[in-house]
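Please read the numbered paragraphs alongside the sequence and the model.

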Amino acid sequence: MASPYDSPPASPRLDYINNNPSYPSGGEIKLIGAGPGDPDLLTMAAYKAITSWAQIVLADKLVSKEILALVRCKLFIANKDKGCQASGQQELFEHATQSLKQGLRVVRLKQGDPFIFGRGGEEYLFFKRLGYEPTILPGLSSSIAGPLLAGIPLTHRGVASQFLVCTGTGKLDTIPETPLYVENRTTVFLMSLHRLEALVEDLKKAGYPEDLPVAVVERASAKDQRTVRAKVGTVVRVLHEASYRPPGILVVGWACDALRDNSNDNIFQEVAEVNGDLHAQRQQIEGLVESLSK
């Protein structure tokens, strides 16, 4: 079978699609996000599709064994280890195409949310061009769930009013541009810890203070989840001493400390001031009403 991908590996070749016209014969495909790993964090739609709807499940290696244990039909796991991404993606496309032409119900299962740095869009277009438009079932992305599972809110009143999700590894292993520092923003980096030292240098050049809190959340939602906390200026050393355990995400920003002891004194003070103003206003209104009723 001709190679159904182009560089990057998940992109199908247009000549492959044009020279291999599809003849849909009742097959269906669902493109599903598996969430960060804990089966309890699957959506109900994803759970039903995996356990009772699917006739074949095509999964990435990053999908947790606990979620894969739910599969009750034929299961194919793509080997996308470093150096095998291209061949693993090719095998996956071949299995999916053959299954769809046989009229089977296919689940394409991807870690996290397929469309947040998961190449979900590329796979969606591949199957659509073959004549099988996938049903999309979103998943809980580790970029959002991971920080919260570690006690880090991405937004927090008075601390962070926005958040940004970035990748540390671009197309063909290029290095993406580092976003400039914004004080009231929390930034989450996926696929970045293998080049942490270089990323930290880029952060410093982009204006990130060396005392800015950061957290590395490893294996979010797994039983052995761990959070390593540090500062921009110390995270390389701290993570090396802690012996990093992939996969993990890097969270950068003042919100990393928002829920920790003594970090909310200014917030509580602000709330107290607002409540005090409201109390004073209520007393004024009650006094006015009383005077008018006399």
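With which residue does D60 form a salt bridge, and how far apart are the closest N and O atoms?

1. The model discussed here is predicted. In it, D60 forms a salt bridge with K110, and the closest N and O atoms are 3.4 Å apart. The two residues belong to distant parts of the chain: D60 is in strand 2 and K110 in strand 4, 50 residues apart. Both D60 and K110 are buried.

2. K110 also forms a salt bridge with E123, where the closest N and O atoms are 3.1 Å apart. Because K110 lies in strand 4 and E123 in helix 5 (residues 120-129), this pair ties together parts that are 13 residues apart in sequence. K110 has a relative accessible area of 4% and is buried; E123 is likewise buried, at 0%. Through shared partners, salt bridges join D60, R108, K110 and E123 into one network.

3. Salt bridges in the model number 14. One of them pairs E66 with K65, with 3.4 Å between the closest N and O atoms. Are these two residues buried or exposed? E66 is partly exposed, with a relative accessible area of 37%, whereas K65 is exposed, at 65%.

4. Strand 2 (residues 56-60) is mostly covered, five of its five residues being buried. In a regular strand, side chains alternate between the two faces of the sheet. Here both faces are covered: I56, L58 and D60 are buried on one side, and V57 and A59 on the other.

5. Strand 2 pairs with strand 3 (residues 74-78) in the parallel sense, over five bridges. Within that pairing, L58 has F76 of strand 3 as its bridge partner. Strand 2 is also joined to strand 4 (residues 105-110) by four bridges, and these two strands run parallel. V57 stands opposite V107 in strand 4.

6. Five strands form an open sheet in the order 6-7-10-8-9, with mixed pairing. Its edge strands are strand 6 (162-167) and strand 9 (226-231), each of which pairs on one side only. From one strand to the next, the twist averages 20 degrees. Strand 8 (residues 213-218) is joined to strand 9 by six bridges, and the two run antiparallel. One of the paired positions is V217, whose bridge partner in strand 9 is T227.

7. Which residues of helix 7 are buried? In this helix (residues 196-205), L196, L199, V200 and L203 are buried. Seen down the helix axis, the buried residues of helix 7 fall within an arc of 100 degrees, so they line one face. An α-helix has 3.6 residues a turn, so residues three or four places apart point the same way. The face turned away from the buried side of helix 7 carries the exposed residues E197 and K205.

8. The buried residues of helix 7 pack against strand 7 (185-190), helix 8 (235-242) and strand 10 (248-252). Just after helix 7, G207 takes a positive phi of about 95 degrees.

9. On cysteines, the count of disulfides comes to zero, taking a pair of sulfur atoms within 2.5 Å as the criterion. C73 is partly exposed, with a relative accessible area of 22%, whereas C256 is buried, at 1%.

Technical notes:
Residues numbered from 1 in each chain as written. Predicted model: local features only at pLDDT ≥ 70, side-chain atom pairs only at ≥ 80, totals over all residues. Heavy atoms only, no water. Pairing = 2+ DSSP bridges. Axes fitted to C-alpha atoms, helices over the stretch in contact; angles between N-to-C directions. Buried < 20%, exposed > 50% of the residue type's maximum accessible area, 1.4 Å probe, protein only. Arc of directions from axis to C-beta. Contact = heavy atoms within 4.5 Å. Salt bridge = Lys/Arg side-chain N within 4 Å of Asp/Glu carboxyl O.
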